[in-house]
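Please read them with the structure open.

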Amino acid sequence: MRSILLLTLATTAFAQKPDPDRLMSALADRALADQAMRLKTDDRIAMYQSLVQAKPDDLHYHNLLAGSYIQKVRETTDFSYLDRASQILENVISLDSQNYEALRLRSEVELERHNFKKVAEYSRQLATLAPNDSWNWGTLGDALIETGDYEAAAEAYQKMVSIRPDLSSYNRAAWYHFLAGDMPGAIEIMKRAIQSGSPSSENTAWCLVELGHLYMKSGQIAAAEQAYSTGIKVFPGYHPGYAGLGRAQAANGDVKAAIASFERAQAATPLPDYAAALFDLYTVSGNTKKAADQMDLIDVIDNLGQAAKEKANRNLAIIYADHDHRVDRALELARAELDVRADIYTYDALAWALYKNQKFLEAEKAMTEAMKLSTPEPAFYYHAGMIANSLGKKKEANEYLKKALALNPHFNLRQAPVAEKALKEVAE
C-alpha cells in the first residue's frame, strides 16, 4: 500500500490585480473571523445569529452560523446542532445553488451523517471547481477512507497536504500512516499537526487526544496520559480527553482515578463507549449495582437509536460483543454498518460479532478484511487470535495474541486478561 508523501510547501494562488472593493471586504471578513475565533463557540453562534438578523440577505453570515453549529457538534456530539446547520445550508443553496461556501459545508454535514458516497460525489464536484482548495480533498479522502477505498484516499490526502500543510491535513496524513502500519510516522505527523496550531482550541485538543490514542495503541501509557491531559488543558472540559485519560489511568491500574475521569466524560456526553468503560471499571471495583446501571444505560441508548430509525452502530456492536450481551443485536448492528461503510473497523466489528455468535468461518473471512492493511490496532490482533483459536488454528492464534499484547498489554481492561489467558492455552 502506497504511503503518503508529506510535502513541505503549499501551492500558491495565481497572482492577479486586486479589486479595491473586494480587498476591503476581504479585510473586513478577516477581521471578523479573527474576532470570532477568539470567542467560545456559544458566543460565536450568538454573534452570527445577531449578524444574520441584522443582515438577512447576506448569505455569508448564514454560512458562518452554520459552520459554528457544525463546530458545536464536534464539541458536544449534540446532533440537533447539525440539523440546524443543515437547514441553514439548504436555505442558502435554495437561494443560490452555486454558493460555494455553503456547498463546502454541506459536505461536512453529510460526513457527520455518514452519507459517505454522497460526500465523495460532492467533494469531487467541488474539487473540479476549485482544485486548489484543500478542504475538498480532505472531505473526499475522509469519505473514501470510510468506504474502504484506501488507495484513492491516499491520493486525496496527498493533494490536501501538498496544497495546505496544516493541522487539518497533517492529522489526516497521520491517521492514514497509522492505518497503513506506520505507527512511528503517524505519531510524528500528528505532532506536526499539533505544532501547526489552529484558531480553534477544540481542533488542537482533538489532535492531542488522537496523539494519545496512538500512544495507547503502541503501549506508551505515560506519553498517552500526558497527551490527554494537555488536550484537557487546551480545551477545558473536553470529554474525549477525559475518556482517554481514563483509559490511560485504567492501564496503569488506577481504577479510582479512571472512574472519576470517565464520569467526567459521561457527564458531558453520555456515549455508549463511556458507559461500557464504566461498566468494566465498576465491575473491577466491586460495585455491581453501578455496573448494572451502566449496561442498562447502553440498552436505553440502543432503544433510543432504534426509535430514531438508527440501524447501524459498530461501536455498540463491539460493546455488546465484548460483554457477551445481546450478541444477536451486535451482529445486526455490525451487518447494517457494512451497508453504510466498508472500512477495516467495520469489518473488525462484524468479525467480532460473528465470532460471538459462533459463526467462526464467517468471522475469519471478515477478519481477513480487517487485517489487510496490517494496522497496528491491538484489538484487531486480539480478535484475530480468538477467531483463529476457535477454528483450531493454534499457531496463528498464538502469533496474533502475542502481537496484541506486545502492542499494548493493557489494551482493554476487560479484554486484555482474556487475551493473556487464551495465549497461555494455545501455547501449551
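Which residues are buried in H7?

1. Helix H7. The buried set consists of Ser134, Asn136, Trp137, Gly138, Thr139, Leu140, Gly141, Asp142, Ala143, Leu144, Ile145 and Glu146. Buried here means under 20% relative accessible area, exposed means over 50%, and partly exposed is in between (1.4 Å probe, protein chains only). Because 12 of the 13 residues of H7 are buried, the helix is largely enclosed by the rest of the structure. Helices (H or I, at least four residues) are DSSP runs, numbered from the N terminus.

2. Basis of the note. This is a predicted model, in which local features need pLDDT of at least 70 and side-chain atom pairs count only at pLDDT 80 or more, while totals for chains, interfaces and linings use all residues. Residues are numbered from 1 along each chain as its sequence is written, and side-chain values use heavy atoms, with hydrogens and water left out.

3. Surroundings and length of H7. Its buried residues pack against helix H5 (100-112), helix H6 (116-129), helix H8 (150-163), helix H9 (167-179) and helix H17 (314-322); contact means heavy atoms within 4.5 Å. From its first C-alpha to its last, H7 reaches 19 Å, close to the 18 Å expected at 1.5 Å a residue. The expected span is 1.5 Å times one less than the number of residues in the helix.

4. Leu140. This residue of helix H7 (residues 134-146) is buried, with a relative accessible area of 5%. Leu140 touches Ala120, Ser123, Arg124 and Ala156, not counting residues up to four places away in sequence. Between Leu140 and Val209 there are 23 Å in space, C-alpha to C-alpha, and the two are 69 residues apart in sequence.

5. The H11–H12 pair. Two packed helices are described by the angle between their axes and the distance between the axes. Helix H11 (residues 201-217) packs on helix H12 (residues 221-234) at an angle of about 170°, and their axes are 8 Å apart. Axes are lines fitted to C-alpha atoms, for helices over the stretch in contact, and angles run from 0 to 180 degrees between N-to-C directions. H11 and H12 are therefore roughly antiparallel to each other, the term for angles over 145 degrees. Among the residues that make the contact are Leu208, Val209 and Gly212 of H11 and Ala224, Ala227 and Tyr228 of H12. By class, this contact has 12 nonpolar, 6 polar and no charged residues. Ala, Val, Leu, Ile, Met, Phe, Trp, Tyr, Cys and Pro count as nonpolar, Asp, Glu, Lys and Arg as charged, and the others, Gly among them, as polar.

6. Nonpolar cores. A nonpolar core is a set of buried Ala, Val, Leu, Ile, Met, Phe, Trp, Tyr and Cys residues joined through side-chain atoms within 4.5 Å. The largest has 114 residues, of which Leu179, Ile298, Met367, Tyr382 and Leu401 touch the most other members. Helix H19 (residues 344-356) gives the largest share of this core, 10 residues. Leu179 touches Ile145, Tyr150, Ile344, Tyr345, Leu373 and Thr375, not counting residues up to four places away in sequence.

7. Helix H22. This helix (residues 394-407) has 14 residues and reaches 20 Å from its first C-alpha to its last, close to the 20 Å expected at 1.5 Å a residue. Ala397, Asn398, Leu401, Ala404, Leu405 and Leu407 are its buried residues, and they pack against H11, helix H21 (378-390) and helix H23 (415-427). Asn398 has a relative accessible area of 17% and touches Leu423, Val426 and Ala427, not counting residues up to four places away in sequence.

8. Positive phi. Which values of phi do Asp324 and Gln358 take? Phi of Asp324 is near 50° and phi of Gln358 is near 60°, each a positive value in a residue other than glycine. Asp324 sits in the loop between H17 and helix H18 (327-340) and is exposed at 51% relative accessibility. Gln358 sits in the loop between H19 and helix H20 (360-370) and is exposed, with a relative accessible area of 63%.

Key: Helix = DSSP H or I, 4+ residues; strand = E, 2+ residues; numbered from the N terminus. Parallel < 35°, antiparallel > 145°, perpendicular 65-115°, else oblique.
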